[in-house]
Amino acid sequence: MKKVPMTVEGEARLREELNHLKTVVRPRVIADIATAREHGDLKENAEYHAAREEQGFAEGRIKEIEGKLSDSQVIDIKAMAVSSKVIFGTTVTLFNVDTEDTVTYKIVGDDEADVKVKKISYASPIAKAIIGKEEGDEVVVKIPSGEATYEIEKVEYL
């Protein structure tokens, strides 16, 4: 079985969601189903069908999260020896040589990736190009419009 890398923060967020689903959502949905059953005929009972559908979504998400957590390899970047090398979990500041823009990304697992908050997946083209490189290195990244050249300005183990 292939282990999927995940940050400590990503694991904590998934465990929090799992706990919420099991301790808050699941009991509420069970109570909603019981209440809807009291209303009589289940064939034409919209409340019952809605509650059953919500139960299906919640149970599916619980199984999905449990699967992700069992397949994950949690990497604590703060416990690593600090260097100028880009690895999973590091925060990297890149200088786009072509546009002279600077951007900072944190390299995270697939489930944690969110470009809006500057978190990119380790499987993204930019991350694949910079992992293993060091501060000062230039990398060429294939993008939809061609190629972009970046210089790695700063690597942080936050």
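Is lysine 118 buried, exposed or partly exposed? Lysine 118 is partly exposed, with a relative accessible area of 40%. The model behind this value is predicted.

## Overall build

The protein chain has three helices and seven strands. From the N terminus, its elements run β-α-α-β-β-β-β-α-β-β. The radius of gyration is 22 Å, well over the 15 Å that the globule rule gives for 158 residues, so the protein chain is more spread out than a compact globule. Its C-alpha trace spans about 70 × 35 × 25 Å along the principal axes.

Of the 158 residues, 34% count as buried. The accessible surface of the protein chain is about 9,700 Å². Carbon and sulfur atoms hold 52% of that surface. Among contacts with a separation of 6 or more, 53% join residues 24 or more positions apart.

## Helix α2

Helix α2 covers residues 46-70, which makes 25 residues. At 1.5 Å a residue, α2 should span 36 Å, and its end C-alpha atoms are 36 Å apart, so the two values agree.

The buried residues of α2 are Tyr48, Ala51, Ala58, Ile62, Ile65 and Leu69. An α-helix has 3.6 residues a turn, so residues three or four places apart point the same way. The cover over the buried residues of α2 includes β1 (4-7), α1 (8-37) and β2.

The largest nonpolar core has 21 residues. Leu94, Ile107, Ile126 and Ile130 touch the most other members. Five elements each supply at least two residues of this core: β3, β4 (102-108), α3, β6 (138-143) and β7 (146-156). A second, separate core has 14 residues, including Leu18, Leu21, Ala36 and Ala58.

Which residues does isoleucine 130 touch, leaving aside residues up to four places away in sequence? They are Val86, Val92, Leu94, Ile107, Val139 and Ile152.

## Valine 86

Valine 86 lies in the loop between β2 and β3. Not counting residues up to four places away in sequence, valine 86 touches Val92, Ile107, Ile130, Ile131, Gly132, Lys133, Ile152 and Val155.

Valine 86 and glutamate 156 are 70 residues apart along the chain. Their C-alpha atoms are separated by 8.5 Å.

## The aromatic pair

How many aromatic pairs does a search of the whole structure find? It finds one. Phenylalanine 88 and tyrosine 122 form this pair, which is edge-to-face. The ring centres are 6.0 Å apart, with 70° between the planes.

Phenylalanine 88 lies in the loop between β2 (72-75) and β3 (91-96), and tyrosine 122 in the loop between β5 (119-121) and α3 (125-130), so the pair ties together parts that are 34 residues apart in sequence. Phenylalanine 88 counts as buried because its relative accessibility is 11%, and the cut-off for buried is under 20%.

## Two residues with positive phi

Glutamate 100 is not a glycine, yet its phi is positive, at about 60°. Glutamate 100 is found in the loop between β3 and β4. Is this residue buried or exposed? Glutamate 100 is exposed, with a relative accessible area of 60%.

Lysine 118 also has a positive phi, near 65°, and is a residue other than glycine. Its place is in the loop between β4 and β5. With a relative accessible area of 40%, lysine 118 counts as partly exposed, because that class lies between the 20% and 50% cut-offs.

Notes:
Residues are numbered from 1 along each chain as its sequence is written. This is a predicted model: local features need pLDDT of at least 70, side-chain atom pairs count only at pLDDT 80 or more; totals for chains, interfaces and linings use all residues. Side-chain values use heavy atoms; hydrogens and water are left out. Rings of Phe, Tyr and Trp (its six-membered ring) pair if their centres lie within 6.5 Å; planes under 30 degrees apart count as stacked, over 60 as edge-to-face and the rest as tilted. Helices (H or I, at least four residues) and strands (E, at least two) are DSSP runs, numbered from the N terminus. Buried means under 20% relative accessible area, exposed over 50%, partly exposed in between (1.4 Å probe, protein chains only). A nonpolar core is a set of buried Ala, Val, Leu, Ile, Met, Phe, Trp, Tyr and Cys residues joined through side-chain atoms within 4.5 Å. Contact means heavy atoms within 4.5 Å. The radius of gyration is taken over C-alpha atoms; the globule rule is 2.2 Å times the number of residues to the power 0.38. Accessible areas come from the Shrake-Rupley method with a 1.4 Å probe; for residues, only the protein chains shown count as cover. The expected span of a helix is 1.5 Å times one less than its number of residues.
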